[in-house]
Amino acid sequence: MAKAFFVVMFIICMSVSGCNREPDVAAQEPGEPMKTIVAVGDSLTAGYGLDESEGYPALLEEKLQAAGHKYRVINGGVSGETSSGTLSRMEWILTLEPDIVILETGANDGLRGVDPRLAEKNLRQMLQILREKDVVVVLAGMKMVWNMGPEYVAAFNRIYPELADDFDVVFLPFFLEGVATQSQLNLGDGIHPNSQGYKKITENIYPYVLEAIERREG
Amino acid sequence: MNVRFLFRELQHSKSQAVVFVLCVILSLVSIVAINSFRRDVRQSIVSDARGLHGGDIIAHSHYDFSQPLQQELDALAGQAGIERVRTWEFYSVARREDGRDSLFSNIKAVEQGYPLYGVVELASGRDFSAVLQPGKAIVAASLLQRLDLAVGERLLLGESSFQIVDVVSRESLRPVDFFNFGPRIFVSAGDLARMDLVKKGSRVNFETLLKVAAAGRIDSIVASLQDKTVFGQERVAAATTANSRVKRFFDNLLFFLSLVSVFTMLLAGIGMQSSLAALLRQKEKSFAILRSLGATGSFLLRHYLLLVFILSAIGCGLGIFSGLLLEKSFTRLFAGLLPDKIVLGGTLFDVLEGIGLGIVVIGFFTFLPLSRIKNVKPAAVFRKEGDPGLPARGGSVLIGCGVILLAGLVVRQLEDVRIGLYFIGGVLALIAVISVLVGAMLAPLSRIVIAALPLRQAARSLLRPGNATRTIVVTLASALSVLMTIYLVEDNLHGTYIASYPADAPNLFCLDIQKDQQQGFLELVGEEVELFPIIRARLSSINGKMINRREEARKRGDSLAREFNLTYREQLLEDELLVKGGSLFGKEPLQKGMVPVSVLDSVAEMGDMRIGDVLLFNIQGVPLQAEVSSIRSRNKSMLYPFFYFVFPEKNLQAAPQTFFGALKVEKEKMSQMENTIVNSFPNISTINVSETAVELGKIMQKLSTIINFFASFSILAGALILISSVYATRMARMKEAVYYKVLGADSRFVLQVFFLENLLLALLSGGCAILVAQAGSWGLCRFLLDIAYDANWLPTLLMLGLTVCLVVSLGLLSSLSILRQKPVRFLREQL
C-alpha cells in the first residue's frame, strides 16, 4: 500500500541522457503540497533483507499521513554504505528537494574499523551542507558494537552527541534503542532489524520527526 | 558342442579375438579402478570438507546459543565418540602497547583441540594447540608487518595484553571465511573474559564444532540439533552439506569421475561390438558354407556364444587383475594428494561389481553382432556381399531389454536416476543423430561428378551396396565423439575452476573508493587498476510484476530480494561473452524514459528475464526503467568482480556511486600497500584474499590432477579401442586392394584410392564426432555441471587431424602387406 502510494506520488522520469528527474505534480492534491522527508542512511535505513514496505521509512510515512501530516518519506538508504559514501551522494540527495533529512550513517565505518575521526569529519560536512540548504535534520545517533574495544567504542559513540550540539539538530541518541541485541527484533545476522524491529524504530523516531516537522513549519 | 570347431574358429581369428579381449580388459580395468577410486576420492572430499569447516557438524549463531540447542550440544559433548570445540569470532581493533598504531583485525578465540579437522600451520612448524596458551596470541604475518611488530612483542586486544608467540602460515578453513576484513588473530578461549570484548552488545560469530567418530550418526545428530534451533537465527549443518563455495566443485568432480567411467564403458562396448562384428563379417562366408553343409543357425550361435564367453572370461580375469593392480598403484601415483588416512585398495565387492558390470556391457554390445549369425543364409556363399541385417523376430524386444539394462547400469554409475536417464536418452539421441548425419553426408557423394579416377573410386567404394561404411563411420564417430566429449568437459571444468585462479588473479580488493578519490587512488597504487563503478539499487519489478521479497528471501543462495550493485561500461569484460542479443545495449533506440540494460545469465535465470523484458529499479529513491538488451555469461570464478546489471555510462554516470578496485600485489608488498592505501584514504576498506587464493588454488590443483589423470586414462583407453576397431575393419579393405590389383591397377593407384577412401572415412567420422561432441559437451556443462562452456575449437580440430592421421595410416598399413604380395595368395585363401 505504502509502496503503491510512493510510486504514484513520486514518479520520476529518467531520460536517456541521464538521471534527470522532474517531480510529478499531477498526483498531488491542489493547495496541499506534499512535503518531502528523505531517510538517508545505510542498510539500517534501506531495510536490509526486508521488503521496502517493512522498513522504517515506509512505516513512518504511513504513521505521519495517518496523523494528517502531508509528508512523504523517501527511502534513501544504501546497504553497506559508509559515511564517506553518504557524503559523496549529498548532491543526489539534495536533488530530491528534501524538507527534512533523517541522517543515519556511520555504522559501517565503525564495523569496518575506520578511524572515528573520519566519520565525524564526514558527518560534520554533511550537516554543514544541509544547514546551508536550509534542510531540517534529524540526526540518528549510533553506538558501536562492544567487541571493537572500549577505546574505539568510546571514540565512536562520542561523535553523535557532539555533532548534535554543534549543529543544533533534532537528535535521536540511539537509532537502535531497544532493538539492538534483541534477537526477536533482528534478523539472524544479529545486526539488521526485522519487521518487528522496524516497528519499534518507527515508534522511537516518530516524536523526533514531529519535532523536525514543527521546526520546518515554524 | 564341437570343441575342434570352436578351437579352429578361435585360431583363425586370433587378431580379432585379441582386440575383443583387449576391449573387455579395458572396460573392466576402468570400471573397477574408477569405481573404487571414486569412493576414495569421495572420502578425500569429505575429509577436505571437514578440513574446510573444522568439524563434522557445525552449529552457528550470531547470538549466544538458545537454551535448548545449548543443552543438546552439551549433552552431545559428554557422549563417548563425540568431541566438541567452541569458537568465538569477531572484529576488533588491535593496538600496539605503546599506542603508536592500531589495526582492525579478525579475532578468533578457540578452545583447546581446535581445529578438529584441517590444520592451522604455524611458521615455526610447532603444533597449534600446544602453542596457543592463555595470554598468548598467534597472528597473521600481515598484522606484524602492518603494525610493525615482531614475534615475542605484545599486542593489546580490548584492555588486555597478549604476547605474540607465532605466525599463522596456513589455515585450511580460510576458503570458507572468504571475505575477511583485517588479518587474523588467534587467542585462547580462556582469555575471553579477560579481553572483555564478548558480551551483550558485541557482534560475534558463535560456533560449536563437533567431531563424530561414527560417521553414520552424523545425519541423525544434525537432524536432532536442527530441531532445537531458533529458525532464522541458529544454523546447524554437516560439513559435507554445508554450503561452501568449494562444494560445487567437489560435486562436479565426482560427477565427472562417474561420467568418465560410463564413457569408458561405452567406448569399450563399442570396441567389443566392432571387433566382433568384423570377425563375424569375415566369417560370413564360412558360416554360409557350414549352413550349406547342414549346420543349423543355432549350432553356429551356440558355438559363437561359447567363443565370446571364453574370450570374455579371459578378458574379465585379466581386466580385474589389472584393475586392482592399477588401483594399488594409485597410492603411489597420488602420494600427497589424498589424505594419509585413506586406505586405498579394491575390495571383493569391487571385483564382483566389476564382473557384474562387465557381463552387462559385454552382453549388450555383443548381442547384436551375435544375433546375426543365425540369419546367415546358405545362399550367402554365392553372393559377394550382403548384410544379414537386424534380427527380425523378437530382436527389437531384446534390443529394448538391452537398452533398459544399460540404462540401469548408467543410473547405477551416475548414482542419480533422473540424470542417468537423461544421460542414456542423450546418448541414444546422439547415436541417432550420428546415423542421420552420416546418411546426410554420404548422400551427396553419389551425386557429385568426380573427374579424378582415384577419388571417384574412393567415393564410390564408400557407397557400394553392402559396404560397411555406415557402420564403420557410426562406430568410429561414436567413439570419437565420446573421446572428444571427455576432453571438452574436462577442459571446461579445468577452465572454470582451475584456470580461474591464475597466478595473476587479483589478490587485494578495495571497497568504497569515492568518485573524487579515483584519480588519487590510481596515482597511489601506481598501477593500471581497473575501477568498477558501483551503484546500489533494488529491483522493484519485472514486466510490471512486483518482486515478492518475502518469497525471494526464503530462497537458498542468491535472490532478487537483495540490493544489487549496478555498474556502467560500454564493453564486455575480458571474461564475459554475450549469450543473447547482438550487442551489449542493442542497436534499436528505445522509447523515451527507457534505458537498455545488459543482464548476467545467472540473474536472468533467477528472475526468468528475457530480452525485451522491462525491469524497474529503485536507485536510492529514484525509479529507473530499463529494457533487457542483452544477456551475458562469464567464465571466471569468484576472484573476479562481476556485475549482474550493466548500463550504458551516460545513464548512470550521475547516480551516486562508489568504486571497487581489484589489484594484484606482490606478496612481499601486500602489507605495505594496504597501509599506504588506508593511510591515504581511511575510508577505503581493503580485503586481502591472497591467503584464500593460495588455499583454494591448492585444493583445486590437487583435485584437478585427479581429474586429468582419469580423463587421460579414459582417453588413452578410448584411443586403444579406436585403433583396435579400425584394425578390426581392415579385412574389408584388404579385399578391395586385391580386386584392384587383379584388375590391373598398379600399387600406386591402389595406394591412392586407399588413401582417399580412408581420408573420406576419417573426415566423415571426425566431422560427425565433432558436431556431436560439441553439442553433447555444451549440454553437459550447461545443464548438468552448471558451468560456462568454451568450445575449444583448436584442440577439437587437432583431434580431428589426429583421427585422420590414425585412420589413414592404419588403413594404409594394413593393406601394405597385400600390396607387396601377389593377390593370388589372398584370393586362394578367400575363395
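The crossing of H3(B) and H7(B) is right-handed, a crossing being left-handed if the near helix is turned anticlockwise from the far one by less than a right angle, and right-handed if clockwise. Helices (H or I, at least four residues) and strands (E, at least two) are DSSP runs, numbered from the N terminus. This is a predicted model, in which local features need pLDDT of at least 70 and side-chain atom pairs count only at pLDDT 80 or more, while totals for chains, interfaces and linings use all residues. Residues are numbered from 1 along each chain as its sequence is written, and chains are lettered from A and ligands numbered from 1 in the order in which they are written.

Helix H3 of chain B spans residues 67-77 and helix H7 of chain B residues 218-228; their axes lie 8 Å apart and the packing angle is about 150°. Axes are lines fitted to C-alpha atoms, for helices over the stretch in contact, and angles run from 0 to 180 degrees between N-to-C directions. H3(B) and H7(B) are therefore roughly antiparallel (angles under 35 degrees count as roughly parallel, over 145 as roughly antiparallel, 65 to 115 as roughly perpendicular and the rest as oblique). From H3(B), B:Pro68, B:Leu69, B:Glu72 and B:Leu76 meet B:Ile221, B:Ser224, B:Leu225 and B:Lys228 of H7(B). Two residues are in contact if their C-beta atoms, placed from the backbone, lie within 7 Å. This helix contact comprises five nonpolar, one polar and two charged residues; Ala, Val, Leu, Ile, Met, Phe, Trp, Tyr, Cys and Pro count as nonpolar, Asp, Glu, Lys and Arg as charged, and the others, Gly among them, as polar.

Chain B as a whole contains 24 helices and 21 strands. Of its contacts with a separation of 6 or more, 83% join residues 24 or more positions apart.

In chain A, five strands form an open sheet in the order E2-E1-E3-E4-E5, with parallel pairing; two strands pair if DSSP finds at least two bridges between them. E2 and strand E5 (170-172) of chain A stand at the edges with a single partner strand each, so one side of each has no neighbour in the sheet. Strand E4 (residues 136-140) of chain A pairs with E5(A) over three bridges, and A:Leu139 stands opposite A:Phe171 in E5(A).

The two chains also meet: 45 residues from chain A and 48 residues from chain B take part in the contact. On chain A, strand E2 (71-77), helix H4 (83-88) and helix H8 (150-167) each give two or more residues to the side that touches chain B. That side of chain A divides into 21 nonpolar, 18 polar and six charged residues.
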